[in-house]
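Take a look at it first, then read on.

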Amino acid sequence: MEILSSLATGFSVALTPTHLFLIFLGTLLGTLFGALPGLGPINGVAILLPICYTLGLPVESSLIMLAGIYYGAEFGGRISSILLNVPGDAGAVFTCLDGYPMAQKGLAGPALALSGVASFVGATIAIVGLTFFAPLLAKVAIYFGPSEYFVLMIFAFATISALMGTNPVKSLIGLTVGLIVGVVGVDSTTGVLRFTFGEAELYDGFEFLIVIVGFFAVSEIMLMLEHHSSDDFEMPKITRIYITLKELLTCKWTMLRSSAIGFLVGVLPGTGASIASAVSYTIAQKISDKDKTFGTGDMRGLAAPESANNACSGGALIPMLTLGVPGSGTTAVLLGALMLYNINPGPMLFVEQPLLVWGLIASMYIGNIMLLIMNFPMVRVFTKILQIPYWLLVPSVIVLAFVGVYSVNMSTYALFLTIILGILGYFLRKLHYPMAPVILGFVLGKIMEDNLRRAFAMSGGEVGIFFQGSVNWILWSLTIFILFVPMLAKMVVRRYQLKR
Amino acid sequence: MSKMLHFVASCAALVVLGSNVHAFEPNKPLCLAPAKPGGGFDLTCRLVSNSLTASKLLDKPMIVNFMPGGVGAVAYNHVIGQKPDDANMIVAASTGSALNIAQGKFGAKYSVDSVRWLAALGADYGAVIVKADAKWNNLNELVADLKANPKGFVLGSGGSIGSQDWFKAAIIAKLAGINPKDMKYVAFEGGGEALTALMGNHIQIYPGDIAEFSGQISSGKFKVLALLSEERLPGQMSHIPTAKEQGFDAVWTIWRGFYLGPKVSDEEYDYWVNKIKALAETPEFKQEREARGLYPFTMIGKPYHEFMQKEEKRFKELAKEAGLLK
């Protein structure tokens, strides 16, 4: 009941005209960022964060809008996947597999409608989960001391390496790059300067926004410049933008299951929408694909990743709001937003900033409904936006990104750093290194190191501190479990194949 | 007649021009906060810029600009290197800046004499904070426990070794005869995180700042064992005893002040000294100081510069004692 009354307070925050407008704006922009190939949720949040900040928006308004961009982008990512076979963002890769074949069969409209409903179901389940689980976890989180945080980070890194898609070695290298960038600056325990080369501007390390905008926005723009224009694609015809109840019901179990999977994957620290949709698609295929129709335009194959990647964004907010640990790349940026406002995300957030937390949660209920409504009549508008020429898009994005970096840092040095990191990011991308591990290495590495040092400071250098208390033991067990998941999965698959 | 007129005119011109040369007046007054908006330096700048406008001492508004980096290191280097004679600009500083200068963290070649110290206009004080259900009720009990079991308790605060937060912890450790090098000290990111750790019993003693903590006083979750100030503080803090009255010589003042570039002329320096002297007397300033949670601590002009030289010397000794400087 306490939760419901808190939620009611949240709605009183979210239902003001300003906030309703910001939710609308956030979800709309999010859908756009998601729909435009290349510009995913991370870019969207990174570019708009400094703008919100410099406009002097209060923290809850900023967060409501930025979160809207996040889940809006998961909603919008499906559009270009279905219509062009180009995923709008990383979470929509698996949406192409069955979405594009459907469009080719002349079912582009129903595919968009179905995936819209699936996204809505996934997101709603996740928000309900967030509403009830986050306060519980926040109560436990006070028992997380430095040693627990350190083991939690080990768990996060294990999750990343165990679940990171196709090329674990490249993921690990990406993580390392992030870690390296993260150690620059004043050492948080001893105050010693590390890798600053006497540059006072580097004393505080790489500012979060510089890293995000450099690695994501700048490198993305350089990649975009390589392609000439987006109108090489042929847009399929969209006929009816609705689905029948019968069609919807064939997917009901897939949607529910995938939402649950997406939510859980989201809660795991360090994993994101891409993993959520990959896992749920694979499982849906294993369970439902009796006639080998997956990959040829099966509705369930479309519903699975879309429910999952939307559910993931809700789940990923849980560790962010309760532990101050990002559940995904985008929540890492949202975390940066809180810190920009001098708010320490962590166990006390629910107690000290109830209006902020509950206002955010309530805004997500509203935002989701807005997205569902927006996505039916406006799908045609969004498809038009996919045809924005790059000569217009690229300069606008780059200007927004650099104005943002400058307005927060007030220094040209920051702009040079952004460009340098952008070039580095460009080469990493050209060599097919995934970018999410880089940013997670940057964020999680700092949390991990700080807490390792704190734990040792507390214990006087005894390693035993990491094995004290039930929380630590639970985390160690989970770590070992997650490391064996890929192996177990392989064994299950092999048995499955032998039986055939 | 026309000769007479010419004479008067040239006299007038002389007076006008001459007085222009003499009376410096900033054309674009600016306060540089060497941090991001929203922090302590921002607060320091706003204190002066708001009250200067409110008391009409300055007819042009004083703009606040930000130059984050290294707790003020970037701004210190910028002022000395790029804008040493810019008399339009005052820069915010605090005890933490002096500590960093003393430890050479603002550049090994720089000392407090690398700039001209203008004034300190307010202060916060250190406080020894523990959980409400902790077994200690005063500083004596805590020090006795620490003496009996030096490794048994963990101190934690919002800054790295050598920061002003760490020095507060070091002072408490020294009361119990513990070498600061041997104390168990955990560095958190900001006071908020340290308070959370205190709640979760991950640390037992939080040497914090009283004004920053004041929002938590009514929560009933913590108790303040001692203030590290010379005298008791007014208002809702008046019931908190100082360390001095409990028999310990432990004072930690976090003053907030300003400096000017090194090549600002005496005349320009005096202009600012007089302005700030006038400002410190206005009710608008006192109101603003109270609204920002700062306690009176006023030191203007030459005395302040001399105070800074003493602070530097004191902090150098403290740092040497703690093994931070050779």
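What follows is a short tour, from whole chains down to single residues.

## Before we start

This is a predicted model, so local features need pLDDT of at least 70 and side-chain atom pairs count only at pLDDT 80 or more, while totals for chains, interfaces and linings use all residues. Residues are numbered from 1 along each chain as its sequence is written, and chains are lettered from A and ligands numbered from 1 in the order in which they are written.

## Chain B at a glance

Let's begin with chain B. Its secondary structure comes to 11 helices and 10 strands; helices (H or I, at least four residues) and strands (E, at least two) are DSSP runs, numbered from the N terminus.

Of the 326 residues in chain B, 48% are buried. A residue is buried if 20 or more other C-beta atoms lie within 10 Å of its own, exposed if 12 or fewer, and partly exposed in between, with C-beta atoms placed from the backbone. As for contacts in chain B with a separation of 6 or more, 77% of them link residues 24 or more positions apart. Two residues are in contact if their C-beta atoms, placed from the backbone, lie within 7 Å.

Where they meet, domain 1 of chain B brings 14 residues and domain 2 of chain B brings 12 residues.

On the domain 1 side of that contact, helix 4 (95-102), strand 4 (116-131), strand 9 (253-260) and helix 11 (302-321) of chain B each supply at least two residues. Helix 4 of chain B gives the most, with three residues. By class, this side has nine nonpolar, four polar and one charged residues. Here Ala, Val, Leu, Ile, Met, Phe, Trp, Tyr, Cys and Pro count as nonpolar, Asp, Glu, Lys and Arg as charged, and the others, Gly among them, as polar.

## Where the chains meet

How many residues of chain A are in contact with chain B? There are 25 residues of chain A touching 29 residues of chain B. Helix 19 (residues 436-459) of chain A gives the largest share of the chain A side, three residues. By class, that side has 11 nonpolar, 10 polar and four charged residues.

## A helix pair in chain A

In chain A, helix 2 (residues 17-35) and helix 4 (residues 59-84) pack at an angle of about 35 degrees, with their axes 5 Å apart. Axes are lines fitted to C-alpha atoms, for helices over the stretch in contact, and angles run from 0 to 180 degrees between N-to-C directions. By class, the contact of these two helices of chain A has 17 nonpolar, 13 polar and one charged residues.

## The largest nonpolar core

A nonpolar core is a set of buried Ala, Val, Leu, Ile, Met, Phe, Trp, Tyr and Cys residues joined through C-beta atoms within 7 Å. The largest one has 266 residues, and Ala46(A), Leu66(A), Ile212(A) and Leu334(A) touch the most other members. Helix 5 (residues 93-141) of chain A provides the largest share of this core, 25 residues. Both domain 1 and domain 2 of chain B give residues to this core, so it lies between them.

Leaving out residues up to four places away in sequence, Ala46(A) touches Leu209(A), Ile212(A), Val213(A), Phe216(A), Ala217(A) and Val333(A).

Val117(A) sits in helix 5 of chain A and counts as buried, with 22 C-beta neighbours inside 10 Å. Val117(A) and Tyr242(A) are 125 residues apart in sequence, and their C-alpha atoms are 9.8 Å apart in space.

Pro262(B) is in the loop between strand 9 and helix 9 (266-281) of chain B. Is Pro262(B) buried or partly exposed? Pro262(B) is partly exposed, because 15 other C-beta atoms lie within 10 Å.Phe195(A), in the loop between strand 2 (193-194) and helix 8 (208-226) of chain A, has a phi near 50 degrees, a positive value in a residue other than glycine.

Technical notes:
Domain bounds come from an automatic or database domain assignment.
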